Amino acid sequence: MVLYTLLFGDEARDGNATTPRLADCSVEVDIEGAWRQVASGEGNTQHVIELRFEPVQTERVRVNIKRLNEAPYSTGVRVLSEVEMYAE
């Protein structure tokens with residue numbers, strides 16, 4: 001799974017490498033009505049987050065955003081812009 005973060009506001013325009021990004025997250029899949037965590041990431045500071053896990057069959061996936069990196073000038077709204085999932 002690949003997650004792409006996106007910012008709106010001043011941070012998105014300034015191109016500063018310290019722009020806040022998604023720091024900690026986890027990925028869960030619904031297996032027979034129960035959510036099961038299959039991947040997690042901590043301490044990320046990049047725009048793109050790559051998480052790997054064993055293939056599963058499911059119809060529902062959720063990404064839990066646990067913590068965001070902060071910057072002293074943070075005024076933007078952080079969102080997840082894209083989620084890609086594929087088997088290798």
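Biologist: Buried means under 20% relative accessible area, exposed over 50% and partly exposed in between, with a 1.4 Å probe and protein chains only. How many residues of E2 are buried?

Modeller: Nine of its 10, so E2 is mostly covered. Strands are DSSP runs of E, at least two residues long, numbered from the N terminus. The model is predicted: local features need pLDDT of at least 70, side-chain atom pairs count only at pLDDT 80 or more, and totals for chains, interfaces and linings use all residues. Residues are numbered from 1 along each chain as its sequence is written, and side-chain values use heavy atoms, with hydrogens and water left out.

Biologist: Which residues make up the largest nonpolar core?

Modeller: There are 10: Met1, Leu3, Leu22, Cys25, Val27, Val29, Val38, Ala39, Ile49 and Leu51. A core here is a set of buried Ala, Val, Leu, Ile, Met, Phe, Trp, Tyr and Cys residues joined through side-chain atoms within 4.5 Å.

Biologist: Which strand gives the largest share of this core?

Modeller: E2, with four residues. Both E2 (22-31) and E3 (34-41) supply at least two.

Biologist: What does valine 27 touch?

Modeller: Leaving out residues up to four places away in sequence, Met1, Arg36, Gln37, Val38, Ala39, Leu51, Phe53, Val61 and Arg62. Contact means heavy atoms within 4.5 Å.

Biologist: Different topic. How does E2 pair with E5?

Modeller: Antiparallel, over seven bridges, with E5 being residues 61-68. Two strands pair if DSSP finds at least two bridges between them. Aspartate 24 has arginine 67 as its bridge partner in E5.

Biologist: And E2 with E3?

Modeller: Antiparallel over seven bridges, where isoleucine 31 is partnered by alanine 34.

Biologist: Which residue in that hairpin takes a positive phi?

Modeller: Glutamate 32, near 50°; the hairpin has two residues between the strands.
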